[in-house]
Amino acid sequence: MTVLLPDESRLDVPDGATGRDVARAIGEGLARAALGIRVDGELRDLDAPVENGAKVEIVTAKSGDDALWLIRHDCAHVLATAVTELYPGVKVSIGPPVADGFYYDFDFPEGVKLSDADFERIEQRMREHIKVDEPFERSELPVAEALERFRAEGQDYKVELIEDLVRDQRVKTVSLYRNGPFTDLCRGPHAPTTGRIKAFKLTSVAGAYWRGDASRQMLTRVYGTAFLSKDDLAAHLERLEEARRRDHRKLGRELDLFMFSELSPGAPFWKPKGQQLWNELTDLWRAENADRGYSEVHTPILYDADLWKRSGHWHVYRENMYFTEVEGRTMGLKPMNCPAHTQIYSSERRSYRDLPIRYSEAGLVHRHEPSGTLHGLLRVRHITQDDAHIFCTEDQVPEEVQRCLDFGFAIYDVFGFEPRLELSTRPEKSVGSEEMWDRAEAALERALSDRGLDYELNPGDGAFYGPKIDLHMTDSIGRSWQLGTVQLDYYMPEQFELTYTGADNAEHRPVMIHRALMGSFERFIGILIEHYAGEFPLWLAPVQALVLPIADRHVDYADRVAGELRAAGLRVEVDDRAESVGRKIREGELAKAPYMLVVGDQEAEDGTVSVRRHRGGDLGALPIADFADRATTEASSRRQA
RNA sequence: GCCGACGUAGCUCAGCUGGUAGAGCACAUCUCUCGUAAAGAUGGGGUCCCCGGUUCGAGUCCGGGCGUCGGCUCCA
């Protein structure tokens, strides 16, 4: 028979040939290096047979993700091997490869608690299994036999998995993989032997629900990662270190931006420098909203529970809201701004001539996020959304949605974020007619396709009241975040009986578009801190220039310099402590001050400043006015170079 | 909320099997007046997260709570 190779050439191989046979036919070296095969796009074991006419690609260490997937899957099995040996009576469940490594979920016997202190012992045992290079042997077993086997071993989770396979997919046989003493129910594929794992490390231990279901057994998940070379592992650990170095919680403390108190979990306290950052972002937000036809509003945070009953939040979201009694009335803190904006909308009679009406608000909402989910600025209970609601006619929806997307792109562009779009459609639990949803989804699709935008489809992931487009972006170290969302809403206008008078002099229902682009100021700033590693562009930097007098006699001149620069609109501080210049520079660098201006006898005499750029070193002396020009020009352009 | 770990000075952390708490940095005072990443000396500073228990005695052991961290679930 014949197989097709990636370079389009054909290769004749005997009938019934396996991937290994194909590799061998190409070259003995390739066969030795092979980890698996990709047949017509499907990843398989190296020893799996190939079909006549199939496209066959040999996966080696150079194959990137495929190779990593295989050895990480292998490594998960090796982990389970070591754990089952070291902890008799442990039950195994599943152990897949994931984005940066793999995990395996275990159910340890009563009384056994695993912690990362146990990793060394487990890793040692894993190394032994890798060193002896145990082959992964695949076998097919009739379902009945497999069930009997795992029942006898007390492996309840495996039994459940097989039972589900029988029920959902009507399988007759299941595949098992054995490596050394360990046999696992597994679909595969695997690399030929454990020895192909060239570098691995267990990274953390955590709880995880069996099958992701919070009502079921909590298992112990051990995370690890594996690579094809020690260098790759080292590079990965270096990346993790980089992420830790950029952690906004650490930088927030070091740069004096914000803090938290045990007395108000999930609610940041903004210190003067952090507030400065916040204000700059607010200025950007306000200017852009004004340019794009939004009217800024400001609404209360506390409302009678009746409002929440009407908006539906009481029924769906009560558990996550904060309530208080006020003179016998139940009042609730708003978890969203939309009901507030509907109040303004419906405070007057509206004409079709008024639409679209666009209300923007830096809306303060409170959501009782579960305690275990709080995470610095990225997951808070006190949330300031860059919110807006657009009330428009059905016909205006596509254009308004496009305007929202353009707005989002413009904001992200300021920070150099690359956006990615997802369209989410009607979920199972939804309100409104089939026809309405079809129209709404079509409107969103049209908004996307008119702009020629690529997007991913998320069927069934929309909000209960309407479909949405989510805006995701990637930061400077490759992490993806969901920031913005543009949602169509046909429900809230109905609930609040919003109307406008049409050209036909009849009452019509407007459509509401909810949109947030940064998501929340808190989260967005957290992401910015990590994106810039605390080294903000000049326009955002809380302190733009530090003036460093060399000796006490230069303080007057330093104050004069600071005064002139402030008059030019720059944020400047003078370090007038009786410390050495070396010390002041060191601390200025650690505080990531964009500019440091050293002034001594020479500068005072010439009316100059010696400019030092953060990370850029000494740039030489400039007249004060020249530096002011340079810095104000730089700060006035928000867009990244 | 669930699983696990952790909570000691402003920060980073040490404190063995229970015997009245320590370092570096930071801070204060004094001396030094300094040219591109840390001058020197002296000193102050603790409800060892909170509540309860065991004990002659608890930072240390036990129980409960709160918070933080890593995950899981959740994010309408």
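This is a predicted model: local features need pLDDT of at least 70, side-chain atom pairs count only at pLDDT 80 or more; totals for chains, interfaces and linings use all residues.
View 1. Of the RNA strand B atoms that come within 4 Å of the protein, 48% belong to sugar and phosphate. Sorted by class, this surface has 23 nonpolar, 14 polar and 17 charged residues.

**View 2. Polar contacts to RNA strand B and the elements near the strand.** The side chain of R379 places an N or O atom 2.8 Å from a base oxygen of RNA strand B. A polar backbone atom of P335 is 3.3 Å from a base nitrogen. For R553, an N or O atom of the side chain is 3.2 Å from a phosphate oxygen. Elements giving two or more residues to the surface near RNA strand B include strands β12 (199-209), β13 (218-227) and β32 (608-613), and helices α8 (248-254), α11 (313-317), α18 (581-590) and α19 (601-606). Helix α18 supplies the largest share, seven residues.

**View 3. Nonpolar cores.** The largest nonpolar core has 58 residues. Within this core, L281, V401, F415, F417, L488 and F536 have the most contacts. Helix α13 (residues 397-415) gives the most to the core, with nine residues.

**View 4. A buried salt bridge between K158 and D184.** The closest N and O atoms of K158 and D184 are 2.6 Å apart. K158 lies in helix α6 (residues 156-169) and D184 in strand β11 (residues 182-185), so that the pair links distant parts of the chain, 26 residues apart. Both K158 and D184 are buried.

**View 5. Partly exposed salt bridges, E494 with R509 and E28 with R24.** E494 and R509 form a salt bridge with their closest N and O atoms 3.4 Å apart. The two residues are 15 apart and link distant parts of the chain, with E494 in helix α15 (residues 492-495) and R509 in the loop between β27 (507-508) and β28 (511-520). E494 counts as partly exposed because its relative accessible area is 43%, and R509 because its value is 34%. The side chains of E28 and R24 meet in a salt bridge of 3.7 Å, N to O. E28 is partly exposed at 43% relative accessibility, as is R24 at 42%.

Key:
Residues are numbered from 1 along each chain as its sequence is written. Chains are lettered from A and ligands numbered from 1 in the order in which they are written. Side-chain values use heavy atoms; hydrogens and water are left out. A residue is near a molecule or strand if one of its heavy atoms lies within 4 Å of it. A polar contact is a pair of N or O atoms within 3.5 Å; within protein, one must be able to donate a hydrogen and the other to accept it, and residues adjacent in sequence count only if both atoms are side-chain atoms. Helices (H or I, at least four residues) and strands (E, at least two) are DSSP runs, numbered from the N terminus. Ala, Val, Leu, Ile, Met, Phe, Trp, Tyr, Cys and Pro count as nonpolar, Asp, Glu, Lys and Arg as charged, and the others, Gly among them, as polar. A nonpolar core is a set of buried Ala, Val, Leu, Ile, Met, Phe, Trp, Tyr and Cys residues joined through side-chain atoms within 4.5 Å. Buried means under 20% relative accessible area, exposed over 50%, partly exposed in between (1.4 Å probe, protein chains only). A salt bridge is a side-chain nitrogen of Lys or Arg within 4 Å of a carboxyl oxygen of Asp or Glu.
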